[in-house]
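Dear colleague,

I am handing over the structure we spoke about, and below it I have written out what was found. Please keep it open beside you as you read.

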Amino acid sequence: MDDSPRRKSLDLLIAVLLGGASFALYAVTLAPTVLAGDGGEFQFVPYLLGVAHPTGYPLYTVLGWLWSHLLPLGDVAYRMNLFSALWAALAVALLYPFTRSLLRQIFPALSPSIRRLIAIVAAITFAVTPTLWSQAIIAEVYGLHIFLVVLIFYLLLTWGEGRQPRHLLLAALTFGLSMTHH
């Protein structure tokens with residue numbers, strides 16, 4: 001009953017709304033232009049396809065290069081700030097199904113509505129924590145990093161539920177990509 005198409009559609013809608021609201025919040029509070037320190041470095045290294053300070057963050061650099069060259073919005077610094085907001089918002093969106101799945105495994109007797117409510121509160125709380133929010137509004141590597149961490153945990157949890165090899169393979173691929181990032 002918990003996996004009916006209607007409930008899956010509702011859960012997808014909730015995740016999209018949580019991610020969209022987070023992205024809107026981060027975009028409204030986004031640093032508008034060039035930053036000092038690491039933020040300034042991460043605004044321009046991807047655009048130039050350069051090398052950042054160790055570890056170099058190659059995944060962030062390549063994805064940032066694509067983002068900064070394909071998005072015709074504002075200056076490069078603003079685009080890269082928005083890049084961090086995007087990854088942080090995607091992490092918030094993904095935290096919702098992760099939390100629902102975790103609650104389903106830990107508390108199987110809990111009603112789907114209660115699990116849904118707890119997962120919504122968890123995602124909203126995560127979105128507005130000062131640490132995530134502060135890193136989501138500047139060009140920094142942590143938005144992408146937290147997205148990859150949540151994705152790995154979600155894929156492993158999903159694999160644990162159904163034992164489908166594709167989830168384990170996707171988790172391994174994500175883990176490998178995360179090693180090229182942070």
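This is a predicted model: local features need pLDDT of at least 70, side-chain atom pairs count only at pLDDT 80 or more; totals for chains, interfaces and linings use all residues.

As background, nonpolar side chains in soluble globular proteins tend to be buried together.

**Two residues to look at**

If neighbours within four places in sequence are left aside, tyrosine 26 is in contact with Ala85, Ala88, Ala89, Val92, Ala127, Leu132, Trp133, Ala136 and Ile137. Threonine 99, for its part, is found in helix 4, and it counts as buried because its relative accessibility is 12%, where the cut-off for buried is under 20%. Not counting residues up to four places away in sequence, threonine 99 touches Ala119 and Ala122.

**How helix 4 meets helix 7**

How are helix 4 and helix 7 arranged, at what angle and how far apart are their axes? They pack at an angle of about 25 degrees, with the axes 8 Å apart, and helix 4 and helix 7 are therefore roughly parallel to each other. Their crossing is left-handed, and the residues of the contact between helix 4 and helix 7 divide into 17 nonpolar, 4 polar and 2 charged.

Note on methods: Residues are numbered from 1 along each chain as its sequence is written. Side-chain values use heavy atoms; hydrogens and water are left out. Contact means heavy atoms within 4.5 Å. Helices (H or I, at least four residues) and strands (E, at least two) are DSSP runs, numbered from the N terminus. Buried means under 20% relative accessible area, exposed over 50%, partly exposed in between (1.4 Å probe, protein chains only). Axes are lines fitted to C-alpha atoms, for helices over the stretch in contact, and angles run from 0 to 180 degrees between N-to-C directions. Angles under 35 degrees count as roughly parallel, over 145 as roughly antiparallel, 65 to 115 as roughly perpendicular and the rest as oblique. A crossing is left-handed if the near helix is turned anticlockwise from the far one by less than a right angle, and right-handed if clockwise. Ala, Val, Leu, Ile, Met, Phe, Trp, Tyr, Cys and Pro count as nonpolar, Asp, Glu, Lys and Arg as charged, and the others, Gly among them, as polar.
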